[in-house]
Amino acid sequence: MKTILSEQQVALTVKRLAHQVLEQHLKLDNTVIIGLQPRGIFLSDRMVHELSALVEPASISYGKLDITFYRDDVRTELHVANKTDIPFSIEGKQVVLIDDVLWTGRTIRAALDALLDFGRPSKVELCVLIDRRFNRQLPIQPDYTGRAIDTITTQKVKVFWKEKDGTDCVELIS
Amino acid sequence: MKLSTKHLLGIKDLTTEDIQLILSTATNFKDVLQRPVKKVPSLRDVTIVNLFYENSTRTRFSFELAEKRLSADTLNFAASNSSAAKGETLLDTVNNILSMKVDMVVMRHSASGAPHFLSKHIPAAIINAGDGINEHPTQALLDAFSMIEKFGSLKGLKVAIIGDIMHSRVALSNIYLLKKMGAEIMVAGPPTLIPKYITEALGVRVEYNVKNALQWCDVANVLRIQLERQNQPLFSSLREYNLAYGISRKLLESIGKEITIMHPGPINRGVELDSDVADGPSSIVLNQVENGVAVRMAVLYLLSGT
């Protein structure tokens, strides 16, 4: 087991990602933040918290998207669904999708399908805490990356969040 | 996470966890049904046959819509205009349909136990959409979903099931489910339509006076008189049944408390339920129908993975 990000590094990385998103979008009046259920929500909650210190909190549109029914592995494994909560229109908006780990790209593929059922955004960007960059099975790349790491498929990356797991850190399990 | 069973033959075979999983998944599907695109691609590689050997409007449409909202391909079978009318056996019909690469069977049959029989002979997942006087599991699940939506929980909820208990598969499935989920159950109706020993067998209260039942309950699930299953006269006339056991606005007002009215449909207006009650503010009959699609989506989704 190897620590990729310590508690302090997680905090700094989240702060940086929030600043990078703001750098691209400046004002968030035409941008919506969408966290992916279940574990992307911890990151998106933190980022929205950081962003609300930088811009007018009322200007942030923040939703949560569950992709369970859009997965391509329904036949092999059933997952428990979570709540989707997008209380605004995404039509013509710039969407920043947020997830904890980008690995094969299949979750993001499903998320794009799910997202398009809510309308036609003008642009979709992807923000992840960890990018396992050499394991992609689909042509999907992040726009904002916390830390890119090189892993082999048999390894596991585990992201711990204080709210759920009692501590903030990212570990590589071989 | 999956169900403990491969088929949905009856509530009797489900665990409490199964019921909770179906109901919580149905909540997610109800959300899907409120969206601009009321459809998800989960079952796009699944073909489902709706095998209806007995008439149905609500249940068949509800299943068909649920299948379409999940992107499944559907086939519809009605016994009256099929080869069953030429004498083909149930097993032959189903095996022929399955040889065309069909993955799941939704089935209604007038013989109790028909889906159980089928489940021993075919590999596909079977969902019971009502078998004779035995069970109608998806109806009980959608009734539970509608009650939870209104009351938050089934625990300790007082539910009176009123009417033709003897011939009702809705009653039996509801009793099994409500018992597993901790509700209190009373059955009420004429003595000829309530099975003997039902208290000993199922642990429900019995009441022959509808007014007393209404005074006791929070929810009244009113059932249809199943004339097609009664081969001897069990009460003198529909008019008399209405006078003694029918639920009217006047009767409800005389109780002096709010009671939620449910009915699985089709309603015989003026027999078990008067129109001003069926369409009144305390009726959640149409919510039941709406929730039916979400609940059936959950069942189909959860059984498709096995």
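A compact globule of 174 residues would have a radius of gyration near 16 Å, and chain A has 16 Å, which agrees. (That radius is taken over C-alpha atoms, and the globule rule is 2.2 Å times the number of residues to the power 0.38.) Keep in mind that this is a predicted model, where local features need pLDDT of at least 70, side-chain atom pairs count only at pLDDT 80 or more, and totals for chains, interfaces and linings use all residues. As for labels, residues are numbered from 1 along each chain as its sequence is written, while chains are lettered from A and ligands numbered from 1 in the order in which they are written.

**Chain A overall**

- Chain A has four helices and eight strands; helices (H or I, at least four residues) and strands (E, at least two) are DSSP runs, numbered from the N terminus.
- If you walk along the sequence of chain A, the pattern goes β-α-β-α-β-β-α-β-β-β-α-β.
- The C-alpha trace of chain A spans about 45 × 40 × 30 Å along its principal axes.

**A helix pair in chain A**

- Two packed helices are described by the angle between their axes and the distance between the axes.
- In chain A, helix H1 (residues 7-25) and helix H2 (residues 40-54) pack at an angle of about 60°, and their axes are 9 Å apart. Axes here are lines fitted to C-alpha atoms, for helices over the stretch in contact, and angles run from 0 to 180 degrees between N-to-C directions.
- That angle makes H1(A) oblique to H2(A): under 35 degrees counts as roughly parallel, over 145 as roughly antiparallel, 65 to 115 as roughly perpendicular, and the rest as oblique.
- On the H1(A) side, the contact is made by A:Val14, A:Lys15, A:Leu17, A:Ala18 and A:Leu22, and on the H2(A) side by residues including A:Leu43, A:Met47 and A:Leu54. Two residues are in contact if their C-beta atoms, placed from the backbone, lie within 7 Å.
- Sorted by class, the contact of H1(A) with H2(A) has eight nonpolar, no polar and three charged residues. Ala, Val, Leu, Ile, Met, Phe, Trp, Tyr, Cys and Pro count as nonpolar, Asp, Glu, Lys and Arg as charged, and the others, Gly among them, as polar.

**Backbone details**

- A:Leu26 has a phi near 55°, a positive value in a residue other than glycine, and A:Leu26 sits in the loop between H1 and S2 of chain A.
- A:Gln37 and A:Pro38 are joined by a cis peptide bond, with omega about -5°. You'll find A:Pro38 in the loop between strand S2 (31-36) and H2 of chain A.
- Chain B has a cis peptide bond between B:Gly265 and B:Pro266, with omega about -10°. B:Pro266 is in the loop between strand S9 (260-262) and helix H11 (275-278) of chain B.

**Domains of chain B**

- Chain B is assigned domain 1 (11-136 + 291-304) and domain 2 (138-288); such bounds come from an automatic or database domain assignment.
- The centres of domain 1 and domain 2 of chain B, taken over C-alpha atoms, are 25 Å apart.
- Domain 1 of chain B puts 21 residues into the contact and domain 2 of chain B puts in 22 residues.
- H1, strand S4 (125-131) and H12 of chain B each supply at least two residues of the domain 1 side that touches domain 2.

**Helix pairs in chain B**

- Helix H2 (residues 58-69) of chain B and H12(B) have axes that come within 8 Å and cross at roughly 55°, which makes H2(B) oblique to H12(B).
- The crossing of H2(B) and H12(B) is right-handed, and among the residues making the contact are B:Phe63 of H2(B) and B:Met297 of H12(B).
- The axes of helix H5 (residues 137-151) and helix H6 (residues 169-180) of chain B come within 8 Å and cross at roughly 55°, so H5(B) and H6(B) are oblique to each other.

**Where the chains meet**

- The contact between the chains takes 15 residues from chain B and 12 residues from chain A.
- Helix H1 (16-32) and helix H12 (285-304) of chain B each supply at least two residues of the chain B side, and H1(B) gives the most, with four residues.
- The chain B side divides into seven nonpolar, five polar and three charged residues.

Technical notes
A crossing is left-handed if the near helix is turned anticlockwise from the far one by less than a right angle, and right-handed if clockwise.
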